[in-house]
Amino acid sequence: IPYPSSLTMPFSTADIADAIAAGLRRRAAEDDAAQAVYGFDGQSELALHPLLHAALRDAGFHVLTEQRYPADWLKASRSEGKRCDIVLTREPLALRDPLIRGTLFDDQPASDVEDAYYLEVKTVAQFEADGPFRRYSAELLGAVTQDVSKLYRDAQLIHSGLLVVLFTADEATASHDLRAWLDRAWAKKYPVQPPARRGFAITNRVGNGWCEVAVFAVKGGR
C-alpha cells in the first residue's frame, strides 16, 4: 500500500506526544520498580535522547537522528552545518542525498525531505539533584526559542515541530511555564501552533513531581 503524500497526510503532533508520553511513563514505572535514587528527570538532555528515540520507534515511527538541515546540505564537508535532533520518516529509509537526487546515481530507495518531519528536542527540569536549576527560565524562554528559529528559517522544510519535555514541581507550574513560552514565541511572531500536551505525575525525588510532554507544530502538521 503506497504511503499518502505529505500534503494529504501530515504528521500528527498528537501522535508524537502520545508516543513520547507512553515511553516516559514506562521509564517512570521502571525507575519506581528499581527504587532508583534518581529518576529519569535527573538525566541530561542528551542522555534522554535514546529514551525518546525508543519511545517513537515503539509507536511505529521511523527515526533518524542528528540529520543535517536541508539548508546546509551543500556545505563542502558533511560534518559541517546545523543538525536536527530527530527526523521522522514514513518508511525505514535514509534521507535522499540531495547531491545525487535526480541523477543516475539516485538508484536506491530513500525518503525525501518533503516527506520527513524534523523534530527539535528540548528537555528542561525545574529541579536538579543539588536543588533548583538556576537557569530553568533562561533555558525554557531562550534556548527553546532558538530551536524554533532553526526550524522555521529553513525554507526547504515542509513539516517540522518542537518537542518540549518539562519536569516541574506540579502540573500547574508546567501549564503556566508552557503558556509563558508560547506567549514569548508568538510575541516574536514565530509560526508556532498550540501544543499537543500529555502530562503525568512522577515520583518526587529531587523536587520534580510532574512530567509534561508538549509538541508544537512549527511547519505543516497539526
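# Cavity, strands and salt bridges

Tutor: Let's start inside: the largest cavity holds about 40 Å³ of space. This is a predicted model, in which local features need pLDDT of at least 70 and side-chain atom pairs count only at pLDDT 80 or more, while totals for chains, interfaces and linings use all residues. Residues are numbered from 1 along each chain as its sequence is written, and side-chain values use heavy atoms, with hydrogens and water left out.

Student: What makes a space a cavity, and how many of 30 Å³ or more does the structure hold?

Tutor: On a 1 Å grid over the protein atoms alone, a cavity is a set of points where a 1.4 Å probe fits but cannot get out. Grid points are joined across faces, edges and corners, and the volume is the space filled by probe spheres set on the points. The structure holds one cavity of 30 Å³ or more.

Student: Which residues line the largest cavity, and how do they divide by type?

Tutor: A lining residue has an atom within 4 Å of a point. By that test the lining consists of Tyr38, Gly39, Asp41, Gly42, Phe127, Glu128, Ala129 and Val206. They divide into four nonpolar, two polar and two charged. Ala, Val, Leu, Ile, Met, Phe, Trp, Tyr, Cys and Pro count as nonpolar, Asp, Glu, Lys and Arg as charged, and the others, Gly among them, as polar.

Student: Why is the link between Asp31 and Arg27 called a salt bridge?

Tutor: The term needs a side-chain nitrogen of Lys or Arg within 4 Å of a carboxyl oxygen of Asp or Glu. Here the closest N and O atoms are 3.1 Å apart, so the pair qualifies. The two are four residues apart in helix H1, and so are separated by about one helical turn. Asp31 is buried at 7% relative accessibility, whereas Arg27 is partly exposed at 22%.

Student: How far apart in the chain are Arg205 and Asp32?

Tutor: Their closest N and O atoms are 3.0 Å apart in a salt bridge. The pair links distant parts of the chain, 173 residues apart, with Arg205 in the loop between S7 and S8 and Asp32 in helix H1.

Student: What does the salt bridge between Lys150 and Glu120 tie together?

Tutor: In this salt bridge the closest N and O atoms are 3.4 Å apart. Lys150 lies in helix H3 (residues 136–153) and Glu120 in strand S3 (residues 117–125), so the pair ties together parts 30 residues apart in sequence. Glu120 is buried at 1% relative accessible area, while Lys150 is partly exposed at 25%. A search of the whole structure finds 11 salt bridges, and Glu45, Lys122, Arg135 and Glu139 are linked in a network of them.

Student: Why is Arg26 called partly exposed, and which residues does it contact beyond its sequence neighbours?

Tutor: Its relative accessible area of 40% falls in the partly exposed class. Contact means heavy atoms within 4.5 Å; leaving aside neighbours within four places in sequence, Arg26 contacts Ala55 and Asp58. Arg26 is found in helix H1, residues 13–33.

Conventions:
1 Å grid on protein atoms, 1.4 Å probe; cavity = no way out; pocket = protein on both sides within 12 Å on 5 of 7 lines; lining within 4 Å. Buried < 20%, exposed > 50% of the residue type's maximum accessible area, 1.4 Å probe, protein only.
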